[in-house]
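Here is a short briefing for a first look at this structure.

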Amino acid sequence: MEERWSTEHVLSLASDAAARAAGGRLSSPAAWSRTGCGQGALWGLCQGSGSAPYRTVVEFSTPAYQCSCPSRTLPCKHALGLLLLWSGDRAAVPAGAEPADWAARWLAGRRRRAEPTAAPADPVAARRRADRRAARVAAGAAELRLRLADRVRRGLADPGAAAGGWAEVAARMVDAQAPGLASCAAELDRLPADGQLAGHALLYLLATACERIGELPEPLAHTVRARVGFTVDSAELLAGPTVRDHWLVLGSRDSTDGPLTTRRLWLRGAKTGRSALLLSYGRPGQAPEPTLPTGWLLEAELAFHPGARPLRAVLGPRHGAPGPTPGAPPAEPVSAALAHYGEAVAADPWTESWPVVLRDVRPIATADGWQLTDHQHALPLHATPEQALWRLAAVSGGRPVTVFGECDHRGFTPVTVWDEQGRTTGLTTGGAA
């Protein structure tokens, strides 16, 4: 029998406060018919304004959602309402039932799509295409390196040099099939004046490394390929070695870039102590998957992208349902966290940030802005909304707390805080994690 989730767990899956409220209104038995749960799924019919009821299915292990309503948000209010009903009223959702036919068809389709795909039909042709692309990327990197050197030679403050912009160079890198170089080149136009030299230097270093990728140690070569824009298929990663552990969900943050939503979800292995970052993307109106509650523990296998300092990972097979874990995660003082960030940058000079958990820190407001201090060292807080900073201060109340976030060269960006009783509060959304 599936362990029923808590109300807090269900609400943490909602995309926003409005979705939580709408789901709550649909959590009474009167709204549902033909409900049931079993075989790792939950289903039911919800009568809406039309003649036909909405068909709602939730698959627990991912979790994944399917509903015939017109909403493009995942989970929709019907999925949330059904989950809340199942969570709070055992009698309203009978367990051990056979899925309704429409639910069984959707579940069977998901299982078929999860099966491994066949190998490429023509590996020789695939190798030729890869070689052609490698040659084009190398040529693009050589051109980019010359452009960067010419720009620095003329002077970054030269108005004549700035007038050309980097949009045309970025387009050239797209033609060279090097999307990573293209986005970095385009970013140069948006950098502030005091960041221009560092931006040019890092991109020059990347272009040079790309040209000499055959001379690099294998882990660093993988890093350079990823930065340049070569991708690795998730199925290919999962076919290789995986790391099985009990992974604690440290926190997550969604950001939007045009119509696309990017979710960054951080994990920490209880046995291995490894940090992992899951990246996922959502189309307009849809929340990215997975949606794992902060503070929960998930036994699963992760496949890490190769690199000099592997962090990004792909979620593989899960072993059992996730569950809450009491207390704050293992943490470290500010000095140790900074040392880990430094090690990450030494291994991968293009590292933008590194996840750390700080122990016994207090937020303080100074004339130069907010800081986190453990009375030995202090980290400035940045890229954090004022509301989240005050929430952090309220949870602390002047007492030491455990804080998860990202270290970078500007300071620290908090994501989650645990109070003295080990209760979790998210700092990237509107309330408790």
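D254 is partly exposed, with a relative accessible area of 40%. Buried means under 20% relative accessible area, exposed over 50%, and partly exposed in between, using a 1.4 Å probe and protein chains only. The model is predicted: local features need pLDDT of at least 70, side-chain atom pairs count only at pLDDT 80 or more, and totals for chains, interfaces and linings use all residues. Residues are numbered from 1 along each chain as its sequence is written, and side-chain values use heavy atoms, with hydrogens and water left out.

**Salt bridges**

- Side chains of opposite charge can pair when their charged atoms come close.
- The structure holds 17 salt bridges, each a side-chain nitrogen of Lys or Arg within 4 Å of a carboxyl oxygen of Asp or Glu.
- D254 is the partner of R263 in one of them, with the closest N and O atoms 2.8 Å apart.
- R263 is buried, at 9% relative accessible area.
- Salt bridges with shared partners join E143, R147, E168 and R172 into one network.
- R172 and E143 form a salt bridge, and their closest N and O atoms are 2.8 Å apart.
- R172 sits in helix α7 (residues 167-175) and E143 in helix α5 (residues 123-154), so this pair ties together parts that are 29 residues apart in sequence.
- Helices (H or I, at least four residues) and strands (E, at least two) are DSSP runs, numbered from the N terminus.
- R172 is partly exposed, with a relative accessible area of 39%.
- R253 forms a salt bridge with E406, where the closest N and O atoms are 2.6 Å apart.
- This pair links distant parts of the chain, 153 residues apart: R253 is in strand β5 (residues 243-257) and E406 in strand β14 (residues 401-408).
- R253 is partly exposed at 22% relative accessible area, whereas E406 is buried at 6%.

**The six-stranded sheet**

- Six strands form an open sheet in the order β13-β12-β11-β14-β15-β16, with antiparallel pairing; two strands pair if DSSP finds at least two bridges between them.
- Its edge strands, β13 (378-380) and β16 (424-426), each pair on one side only.
- From one strand to the next, the twist averages 50 degrees; axes are lines fitted to C-alpha atoms, for helices over the stretch in contact, and angles run from 0 to 180 degrees between N-to-C directions.
- Strands β11 (residues 354-366) and β12 (residues 369-373) run antiparallel and are joined by five bridges.
- P363 stands opposite L372 in β12.
- Helix α12 (residues 334-347) packs on the sheet and touches β11, β13 and β14; contact means heavy atoms within 4.5 Å.
- The direction of α12 makes about 130 degrees with that of β11.
- Helix α13 (residues 386-396) also packs on the sheet, touching β11, β12, β14, β15 (411-418) and β16.
- The direction of α13 makes about 40 degrees with that of β12.

**The four-stranded sheet**

- Four strands form an open sheet in the order β1-β2-β3-β4, with antiparallel pairing.
- The edges are β1 (32-38) and β4 (64-67), each pairing on one side only.
- Neighbouring strands of this sheet are turned by 10 degrees against each other on average, direction ignored.
- Strand β3 (residues 54-59) pairs with β4 in the antiparallel sense over four bridges.
- E59 stands opposite A64 in β4.

**A buried histidine**

- H200 belongs to helix α9 (residues 196-211).
- H200 is buried, at 2% relative accessible area.
- Apart from neighbours within four places in sequence, the contacts of H200 are L148, R151, V152, L156, W166 and L188.
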